[in-house]
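Reader: I have a model open and want to learn how to read it. Can we take it feature by feature?

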Amino acid sequence: MGKQDRRKFLQQGGLAASSLLVGRSLLANTQASSSTFTIWRKPDNTPANETIRLGLIGAGGMGTQDTLSALQHNGVVLTAVCDLYTGRLEEAKKRWGSNLMVTDDYKKLLASKDVDAVIIGTPDHWHQPISIAALQAGKHVYCEKPMLHDVNEGKALIDAWKKSGKVYQVGSQGVSSLGNEKARELLAAGAIGDLVFAEGFWARMSPEGAWQYKIPADAGAHNVSWDRYEIDKKHAYDPLRFFRWRNYVDYGTGMSGDLFVHLFSSLHFITNSIGPTKISAMGGLRYWKDGREVPDVLIGMFDYPVRKEHPGFNLSLRCNFVDGTSGTTYLRLAGTKGSMDVEWEKVTVKLNANVESDDPFLQAQAAANTPGAEARKKMLPPRETVYTAEKGYKGAHYDHFGNWFRAIRTGGTVAEDPLFGFRACAPALLCNDSYAKGTFMNWDPEKLVVTA
Ligand SMILES: NC(=O)c1ccc[n+]([C@@H]2O[C@H](COP(=O)([O-])OP(=O)(O)OC[C@H]3O[C@@H](n4cnc5c(N)ncnc54)[C@H](O)[C@@H]3O)[C@@H](O)[C@H]2O)c1
C-alpha cells in the first residue's frame with residue numbers, strides 16, 4: 001500500500017483492520033488531529049489485556065513475596081523459576097505447580113519463549129548483569145532494590161534499557177504507595193512550607209533482622225550451584241556467604257544499599273529530587289561480630305542543593321541493628337511550617353507550634369509596651385492531621401506490580417525506572433565508599449558520575 005493510499009485508508013476509518021494487517025506490534029491506539037490519524041508503535045509485543053508470563057530469578061524470601069504479589073493481579077501467570085539452591089526450586093514447584101520450568105541457569109530462563117517479563121530477586125551483585133541480559137533477551141524487568149551493586153555499573157544498565165524499549169521497574173515498592181503519593185501532593189501544596197530537612201531511621205535487634213538467617217539443614221555443595229554464585233569466583237562453597245550474603249561486600253551493599261535505598265526512593269519521589277551532591281557516612285561494627293564485613297550501625301548525612309524542584313535541604317539517615325526498640329522506622333520531612341511523617345499507608349502532618357515568642361522576658365516586655373492590654377487567649381488551628389489509607393487497601397507492593405503491568409500493557413512508563421533507580425541507589429552505595437575511605441563523596445546526579 002503506497003503512502004497516500006494508506007493515509008486515505010486510515011482516514012476512511014479502516015484503522016482496526018489496518019492494525020491487523022500490519023501485525024500485533026502496532027498499537028491500535030489512535031489520536032485524531034484535524035485531518036490525520038497518528039499510529040504509535042507499541043514498544044513491546046504484549047498486546048493490551050493479554051496474559052503476562054512471568055519468570056522469577058532468585059526465589060528466596062523477597063523473590064517469592066514479589067511473585068505472590070504479582071500473581072494477585074489478573075492476567076498474570078508464572079511459567080519459570082531459576083534459583084541456585086534446589087530446595088528453593090522444589091518449594092517453588094510445590095507452591096506454584098509441578099509444570100513450572102525450573103533451572104539453575106538464568107540464561108536458560110531468559111531464552112524461554114514462555115517468559116515475557118522477569119522478577120529479579122537475587123542478591124545485589126547479580127542485579128545489574130541479569131538485568132542487562134534480560135533486557136537484551138527482550139524481557140520486561142522488575143528488579144529488586146538496590147538496582148546496582150556498584151555505582152560504576154549504572155551506565156551500562158541505562159544504555160541497555162534505552163535500547164530495549166522494555167519496561168524496567170526497581171522494587172522499592174513504597175514509591176507506589178498511597179502514603180508516598182499523598183505526601184508528594186501535600187508537599188507540593190505547601191502543607192509543611194519549604195522543605196529544610198528530612199530524616200529516616202531503621203532500628204532492629206533480632207538475629208534475623210540483623211541478617212543472621214537460618215541455613216537450611218539439607219543445604220550443601222551438592223544442592224547449591226556455587227559455581228554460578230560468585231561473579232569473580234574467589235571462594236570455595238561457604239554456606240554463610242550464600243545464605244547470609246548481606247554480610248559480605250562481594251554480594252551485598254550493606255545497610256545503606258539494603259535499607260537507606262528505600263528512604264531515598266520515597267524521598268526522591270515525594271520531592272521530585274534527583275538526589276544529593278554531597279554524601280558522608282560513619283558507623284562501625286559494634287555488636288554482631290560474626291565475621292561480617294559490614295557495619296551494624298551506620299549514619300549518613302546528605303546535602304541536597306537548591307533545584308527548580310525543591311529548596312536546598314539536608315537529609316540524615318540512621319540504621320542501627322543494636323536497637324532494642326526494634327521495628328521503629330520512619331521517614332520525616334520537616335519544613336518551615338511543619339513536618340510530615342510518611343508511611344506507606346499513612347501520612348501525619350504536624351504544624352509547627354508557635355511563631356510567636358514564648359520567651360517570658362519578651363512576653364513581659366510586650367506587656368509593658370502595651371499597658372492594660374491583657375493577652376487574650378486565641379482559637380488554635382488543628383496541629384496534627386492524619387491521612388490514612390481506605391480500609392481494604394491492598395498495599396504498596398500490590399500497587400507497585402500494578403504500575404509495572406499497566407506500563408507493560410499500555411506501552412507506558414513507571415516512576416521507578418532505571419534512571420530513578422540509579423539516582424536512588426547511588427547515594428546509598430556512596431555511603432559505603434564514604435565509610436570505607438573516611439571522606440565525603442561528591443556525586444553529580446545530573447551527569448550520574450562521582451566527582452572529585
Ligand atoms: N523491596 C523490599 O522490600 C525487599 C525486601 C527484602 C529484600 N529485598 C531485595 O531482594 C533481593 C533478595 O533478597 P532476599 O532477602 O530475598 O534474599 P534471599 O537470600 O532470601 O534470596 C535470594 C535468592 O537468590 C538465589 N540466587 C543467588 N544467586 C542467584 C543467581 N545467580 N541466579 C538465580 N538465583 C540466585 C539464592 O539461591 C536465593 O534463593 C535483594 O536484592 C534484597 O535487597 C527487597
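Author: Start with a helix on a sheet. Helix H10 lies across S9, S10, strand S11 (297-304), strand S12 (313-320), strand S13 (329-335) and strand S14 (338-342). H10 runs at about 150° to S12. Keep in mind that this is a predicted model.

Reader: Which other helix lies across S10 and S11, and at what angle to S10 does it run?

Author: That is H13. Helix H13 lies across S10, S11, strand S17 (441-444) and S18. Its direction makes about 55° with S10.

Reader: How do I read the sheet itself? In what order do its 10 strands come?

Author: The general idea first. Strands of a sheet pair through backbone hydrogen bonds, either parallel or antiparallel. Here the order is S16-S15-S14-S13-S9-S12-S11-S10-S17-S18. The sheet is open, and its pairing is mixed. Strand S16 (384-388) and strand S18 (449-451) are the edges, each pairing on one side only. From one strand to the next, the twist averages 20°.

Reader: In which sense do S15 and S16 pair, parallel or antiparallel?

Author: Antiparallel. Strand S15 (residues 346-351) and S16 share 5 bridges. To find one on screen, go to lysine 346: its bridge partner in S16 is threonine 388.

Reader: Where can I check the pairing of S4 with S5?

Author: Strand S4 (residues 76-82) pairs with S5 in the parallel sense, over 3 bridges. Look at alanine 80, which stands opposite methionine 101 in S5.

Reader: Now the core. How many residues does the largest nonpolar core have?

Author: The general idea is simple. In soluble globular proteins, nonpolar side chains tend to be buried together. In this model the largest nonpolar core has 86 residues. Those with the most contacts inside it are Ile57, Val118, Phe260 and Cys425. Helix H13 (residues 418-437) gives the largest share, 10 residues.

Reader: What does phenylalanine 260 contact, beyond its neighbours within four places in sequence?

Author: Phenylalanine 260 is in contact with Met255, Gly300, Leu317, Cys319, Ala428 and Cys431. Apart from the core of 86 residues lies another core, of 5 residues. Leu84, Val224, Tyr229 and Phe242 are among its members.

Reader: Why does leucine 187 count as buried?

Author: Leucine 187 has 23, so it counts as buried. The residue lies in helix H8 (residues 178-188). Leaving aside neighbours within four places in sequence, its contacts are Ile192, Leu195, Ile270, Thr271 and Leu333. Take threonine 271: it is 84 residues from leucine 187 along the chain, yet their C-alpha atoms are separated by 7.4 Å.

Reader: Backbone next. Which value of phi does asparagine 272 have?

Author: Phi of asparagine 272 is near 65°, a positive value in a residue other than glycine. Asparagine 272 sits in the loop between helix H10 (254-271) and strand S10 (278-284). It has 13 other C-beta atoms within 10 Å, so it is partly exposed. Tryptophan 211 also has a positive phi, near 80°. Its loop runs between strand S9 (195-203) and helix H9 (239-243). Tryptophan 211 counts as buried because it has 20 C-beta neighbours inside 10 Å.

Reader: Is the peptide bond from lysine 145 to proline 146 cis or trans?

Author: Cis, with omega near -10°. Proline 146 is in the loop between strand S7 (140-143) and helix H7 (154-164).

Reader: Last stop, the ligand. Which of the 25 residues around it come nearest?

Author: Gly58, Gly60, Gly61, Met62 and Glu144. Helix H3 (residues 61-70) supplies the largest share of the shell, 3 residues. By class, the shell has 10 nonpolar, 8 polar and 7 charged residues.

Methods:
Residues numbered from 1 in each chain as written. Predicted model: local features only at pLDDT ≥ 70, side-chain atom pairs only at ≥ 80, totals over all residues. Helix = DSSP H or I, 4+ residues; strand = E, 2+ residues; numbered from the N terminus. Buried ≥ 20, exposed ≤ 12 C-beta atoms within 10 Å, placed from the backbone. Contact = placed C-beta atoms within 7 Å. Near = placed C-beta within 6 Å. Nonpolar A, V, L, I, M, F, W, Y, C, P; charged D, E, K, R; others polar. Pairing = 2+ DSSP bridges. Core = buried A, V, L, I, M, F, W, Y, C linked by C-beta atoms within 7 Å. Axes fitted to C-alpha atoms, helices over the stretch in contact; angles between N-to-C directions.
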